Amino acid sequence: MKPIMKTILLSGVTTFFAFALLKFPDQALEASIRGLNIWWESVFPSLLPFFITAELLTGFGVVKFIGVLFEPVMRPLFNVPGVGSFGWIMGMSSGYPTGAKIAARLREKKQLSQIEAERLVSFTNASSPLFIFGAVSIGFFHDAKLGVLLATCHYLGNAIVGICMRFYRHKEDKQTKLEKGKNKVSVVRAFKEMHQTRMNDERSLGEILGDAVLNSIKTLVMVGGFIVLFSVITKLLFLIGITSTIAAGLGQVFQLFTLPVDAALPFLSGLFEITIGAQGMSQLTTDTFLQIAILISFILGFNGFSVQAQVASILARTDIRFAPYFFARFLHGIIASMLTIILYKPLYLDKQAFEMNDIPVSQEVGQSFWVTTLDMLKQIGPLVTISFLGIAVFIMYRRSLKKDAA
């Protein structure tokens, strides 16, 4: 696309949404508040500990230690260094965009090459167990067994995507792979690498802690901005009628694949923001629940444009390209949907044969855990968010005083 055409397109789209905001100010405000509530009640308090921990472990050299030990696993499977295992585990446990944050940080530390970082980003941004079990399965569908099916298909599909992406531009780093393959794994070497990494970082303990908090909060503020923005955009597209028009065409495609036409609108909403799409699908009634499970698995793997925009913003600070990640989202959605078809009977239907009264303890304990966790986040989440925003302001103020004194 020529620069002049790109300028006209971007300015036109922005002007269009500006007029839409003026036409629907009340609805836009409502959508904005909804996105803000999601961020400060759940997203910020749930991701902040993981972000700070990742920053500290990277600064203290622990990630390098883990990388040396996991090199024999990560290199053959995913064609990335062992340090990628840290991003993979943290990405699965805390959810997006943690994987992108860690991959970008490792790239900045020169622990990954550009191609290796692009491979890592493609399969380390997953939905968190809290979201899959707590929000989607129990919160929307009131069915804990659905969480087992969705989580299995989601994380297994994620691993398969990583294996597929190991061949991404593999010829360009063939020499690097051979050189690293000569190294033998040892705990002693891992400790030496960790110590050397720590010594190369000349920051004091206080500076490392301060940077960990500030960098994490800056990233989460950016994430919150995208959540609010896409919440408003999704609402405006629906009010203007664009979403309904596209959904009508998508419904014709759904008919070809024997999918419910009524699911086209919530599915399209889910492509923008997963939570809205999953909530809309939970209100549908179909002959077989398999169809809904397939669509939810796809939007979970696709991540939604809101999450993709967050990842793109994080990657923009580095030389990591966004295109491999975007391609991997389609691949993950397709693979997760296929796994849902294969595993629907053993992981969901067969479990449905048991009544709730037959397994009261395991079912109630599992469900109450996720419900309690969500309720706790909603109660203390705003307090945690406000407190750490205050801490960030205090750290920035102290550092500005030191700069003025110097």
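A crossing of two helices is called left-handed if the near helix is turned anticlockwise from the far one by less than a right angle, and right-handed if clockwise. The model on screen is predicted, so local features need pLDDT of at least 70 and side-chain atom pairs count only at pLDDT 80 or more, while totals for chains, interfaces and linings use all residues. Residues are numbered from 1 along each chain as its sequence is written, and side-chain values use heavy atoms, with hydrogens and water left out.

Select residues 129–140, which form helix α7, and then residues 144–165, which form helix α8; helices here are DSSP runs (H or I, at least four residues), numbered from the N terminus. The two pack at an angle of about 140°, with their axes 9 Å apart, where axes are lines fitted to C-alpha atoms over the stretch in contact and angles run from 0 to 180 degrees between N-to-C directions. That makes α7 oblique to α8, because angles under 35 degrees count as roughly parallel, over 145 as roughly antiparallel, 65 to 115 as roughly perpendicular and the rest as oblique. The crossing of α7 and α8 is right-handed.

Next, show the side chains where the helices meet, with contact meaning heavy atoms within 4.5 Å: residues including Ile132, Phe133 and Val136 in α7 meet residues of α8, among them Leu146, Val148 and Tyr155.

Finally, select Ala54, Glu55, Thr58, Lys101, Ile102, Arg105 and Leu106, which line the largest cavity; lining residues have an atom within 4 Å of a point of the cavity, a set of points on a 1 Å grid over the protein atoms alone where a 1.4 Å probe fits but cannot get out.

How values were computed:
1 Å grid on protein atoms, 1.4 Å probe; cavity = no way out; pocket = protein on both sides within 12 Å on 5 of 7 lines; lining within 4 Å.
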